[in-house]
Amino acid sequence: MKKNTGFTLLELLITVALVTIVMAIGIPSMRDFVKNDRLSTQINTLVGHLAYARSEAVLRHVPVIICASSTLTSCNSTDWAEGWIIFVDNDQNGDLSAGEDLLRQHQPLTGDNTLVSSAGSVVTYDERGFAPNSTGSFSLCDDRGAAFMKSITISNTGRVRQGGSASCT
């Protein structure tokens, strides 16, 4: 006679209960991990683009602008979450004109995140890499509010540092 090997109903119920408990604990923390990672990635991308614009201004000896743009072809927005462009402003009119180099574009932010700037919708680096008329801060927030906000500050010298703002609006 062959012995039956398998799971009893009680063993199966205990296993399902344990898996349910582990998932109930793990899924919310995974959601927070994804949101935190998205915020860090987005603020680091902005910092990288600001550093790139500053270095191009010094390298080319002309003003370089990074501005909010919903079309990714002109400075037509005040909402940085819609995207931004970086370009060389040879004629110094503050907008992308024919013949000026469009250096980079950034698509709108994902995850319904907001990016608010006290520096306005345009950051201009002069040929020395300074941003004298573009000082202020950027605040990046998600649906969890200011408690999880990421922020950066731009100084007169064009230097970007972490922190500086305490508001998502």
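Analyst: Two strands count as a pair when DSSP finds at least two bridges between them. The model discussed here is predicted.

User: What makes β7 and strand β8 (residues 160-162) a pair?

Analyst: Three bridges join β7 to β8, and the cut-off is at least two, so they pair. The two strands run antiparallel. Ile-154 stands opposite Val-160 in β8. In the hairpin of β7 and β8 there are five residues between the strands, and Gly-158 takes a positive phi near 90 degrees.

User: How do you know that β6 and β7 pair, and in which sense?

Analyst: They share five bridges, and at least two are needed, so β6 and β7 are a pair. The sense is antiparallel. Gly-136 stands opposite Ile-154 in β7.

User: Why is strand β7 (residues 150-154) called mostly covered?

Analyst: Four of the five residues in β7 are buried. A residue is called buried when its relative accessible area is under 20%.

User: What makes β3 (102-106) and β5 (122-125) stand at the edges?

Analyst: The open sheet has four strands in the order β3-β2-β1-β5, with antiparallel pairing. β3 and β5 each have a single partner strand, so one side of each is left without a neighbour in the sheet. Neighbouring strands of this sheet are turned by 10 degrees against each other on average, direction ignored.

User: How do you know that strand β1 (residues 64-68) and strand β2 (residues 84-88) belong together?

Analyst: Five bridges join β1 to β2, and the two run antiparallel. The rule asks for at least two bridges, so the two strands pair. Cys-67 has Ile-85 in β2 as its bridge partner.

User: Why is the link between Cys-67 and Cys-75 called a disulfide?

Analyst: Their sulfur atoms are 2.0 Å apart, and the cut-off is within 2.5 Å, so the pair qualifies. The structure holds one disulfide. The torsion about the S-S bond is about -85 degrees, so this disulfide is left-handed.

User: Is Cys-67 buried or exposed, and how do you know?

Analyst: Cys-67 has 0% relative accessibility and therefore counts as buried, since the limit is under 20%.

User: What about Ala-81: buried or exposed?

Analyst: Ala-81 lies in the loop between β1 and β2. Its relative accessibility is 12%, which is under 20%, so Ala-81 is buried. Leaving aside neighbours within four places in sequence, Ala-81 is in contact with Pro-108, Leu-109, Asn-113, Thr-114 and Leu-115. The C-alpha atoms of Ala-81 and Asp-112 are separated by 8.6 Å, although these residues are 31 apart along the chain.

User: What makes the approach of Asp-126 to Arg-128 a polar contact?

Analyst: The side chain of Asp-126 reaches the backbone nitrogen of Arg-128 at 3.0 Å. The limit for N or O atoms is within 3.5 Å, so this distance meets it.

User: How do you know how the protein chain compares with a compact globule of 169 residues?

Analyst: A compact globule of that length would have a radius of gyration near 15 Å, but the protein chain has 24 Å. Along its principal axes the C-alpha trace spans about 95 × 35 × 25 Å. The secondary structure comes to one helix and eight strands.

Technical notes:
Residues numbered from 1 in each chain as written. Predicted model: local features only at pLDDT ≥ 70, side-chain atom pairs only at ≥ 80, totals over all residues. Heavy atoms only, no water. Axes fitted to C-alpha atoms, helices over the stretch in contact; angles between N-to-C directions. Polar contact = N/O pair within 3.5 Å; in protein donor to acceptor, adjacent residues only side chain to side chain. Buried < 20%, exposed > 50% of the residue type's maximum accessible area, 1.4 Å probe, protein only. Contact = heavy atoms within 4.5 Å. Rg over C-alpha atoms; globule rule 2.2 N^0.38 Å.
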